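Reader: Could you walk me through this model? I'd like to start with confidence and then look at how some of the pieces pack.
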Amino acid sequence: MKGAEVNHSYGSAPSGIMDAPHVVLPDAKVFSKRATRLRELVMQVPSLDEFLAFMARLVQAQHQVLTEHEPAWRPAPDAFDQALKHDMPPLGFQALRRDVHWHADLLAILDAVELHVGERQRPLLAALREMPAERLDELADDVFEMRPGNEATRALLPLVAAALQVTWARLAIGLPSAPARPTGEAKALCPCCGAAPVASVVHNERHRSGVRYLHCSLCATEWHLERIKCSVCDTGGKLLYLTLDEGQGKAFLPVQAEACNECHSYLKVMQRELHGRADPVADDLASLALDMLLAEQDEYARSGYNPLLVMGA
């Protein structure tokens with residue numbers, strides 16, 4: 001792992017001719033693209049091939065449910081107009097967590113992965129199918145509140161999280177317009193649903209090339225945050241960018257850990273300038289070795305939240 005002090009050549013959001021959007025809603029291909037990236041990473045990271053292969057199947061199931069499954073509930077066309085008008089998160093999970101019908105999406109995901117899981121995973125699917133709605137909602141609360149659950153439920157949480165992601169991504173896709181970019185203390189929380197980011201992405205698309213966005217862990221919305229600024233404490237002068245190195249100065253994955261020496265947190269940055277299909281969720285899972293190295297050093301605490309990756313307390 002290498003670390004280098006940040007410098008201004010790392011850049012901030014371009015201005016002038018290119019007017020990059022402040023908030024970008026997800027599209028219907030978000031899970032399909034993620035599954036493709038995960039299948040690539042299976043070959044690239046053989047030490048995690050079984051884990052990444054299962055995640056690829058799970059994310060492909062998310063795509064299938066998003067595009068083929070009729071949701072159990074659709075909001076009224078004007079349901080979120082007032083929230084958008086007053087710059088409030090229209091899909092705030094705190095307000096909607098008991099109103100949105102996500103259980104049907106969970107069952108559809110379980111159906112989609114049923115034939116593709118091994119013997120170790122089958123009891124997990126059966127447990128979720130038999131679980132009463134009240135207990136499922138308690139598991140959802142663990143996901144919303146970024147809690148690891150207990151030993152009995154921990155392995156169930158990624159499947160629950162996968163369903164919640166589908167439900168909230170569908171709602172975000174259906175919004176009539178993107179909300180305003182968050183400001184102040186809320187600038188590191190999703191402007192659509194209020195969830196924490198999983199990581200940030202530096203894009204390579206023409207209309208936002210070189211611009212850094214935080215990527216929501218729940219609804220997949222992205223919102224602009226200036227580069228060379230800590231997403232937790234907003235400090236810009238005490239950052240290090242740490243990578244996994246495979247030799248001769250070449251990064252193993254297009255992933256950096258943006259580590260702050262002010263608040264001692266870190267958030268991963270996915271560099272699409274290095275790999276055009278780098279994905280905040282997929283590449284986060286594939287770069288677990290970077291998290292492990294940072295955990296061993298015990299200097300920086302992870303701030304990003306990936307609900308498909310649930311670790312013990």
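Reader: What pLDDT does the chain average?
Author: This is a predicted model, and the chain averages a pLDDT of 88, with 92% of the residues scoring at least 70. Over residues 1–17, however, the pLDDT is below 50, although this stretch has 38 contacts in the model beyond near neighbours in sequence.

Reader: And how many helices and strands are there in the chain?
Author: The secondary structure comes to 10 helices and 9 strands.

Reader: Switching to overall dimensions, what does the C-alpha trace span along its principal axes?
Author: The C-alpha trace spans about 55 × 50 × 35 Å along those axes. The radius of gyration of the chain is 19 Å, which agrees with the value near 20 Å that a compact globule of 313 residues would have.

Reader: Now packing: at what angle do the axes of α1 and α2 cross?
Author: The axes of α1, residues 30–44, and α2, residues 49–68, cross at roughly 165° and come within 8 Å. Angles over 145 degrees count as roughly antiparallel, so α1 and α2 are roughly antiparallel to each other.

Reader: Is that crossing of α1 and α2 left-handed or right-handed?
Author: The crossing of α1 and α2 is left-handed.

Reader: Which residues in α1 and α2 meet?
Author: On the α1 side they include Phe31, Ala35, Leu38 and Val42, while those in α2 include Leu52, Ala56, Val59, His63 and Leu66. The residues of this contact of α1 with α2 divide into 11 nonpolar, 4 polar and 3 charged.

Methods: Residues numbered from 1 in each chain as written. Predicted model: local features only at pLDDT ≥ 70, side-chain atom pairs only at ≥ 80, totals over all residues. Heavy atoms only, no water. Axes fitted to C-alpha atoms, helices over the stretch in contact; angles between N-to-C directions. Helix = DSSP H or I, 4+ residues; strand = E, 2+ residues; numbered from the N terminus. Parallel < 35°, antiparallel > 145°, perpendicular 65-115°, else oblique. Left-handed = near helix turned anticlockwise from the far one by under 90°. Contact = heavy atoms within 4.5 Å. Nonpolar A, V, L, I, M, F, W, Y, C, P; charged D, E, K, R; others polar. pLDDT = per-residue confidence, 0-100. Rg over C-alpha atoms; globule rule 2.2 N^0.38 Å.
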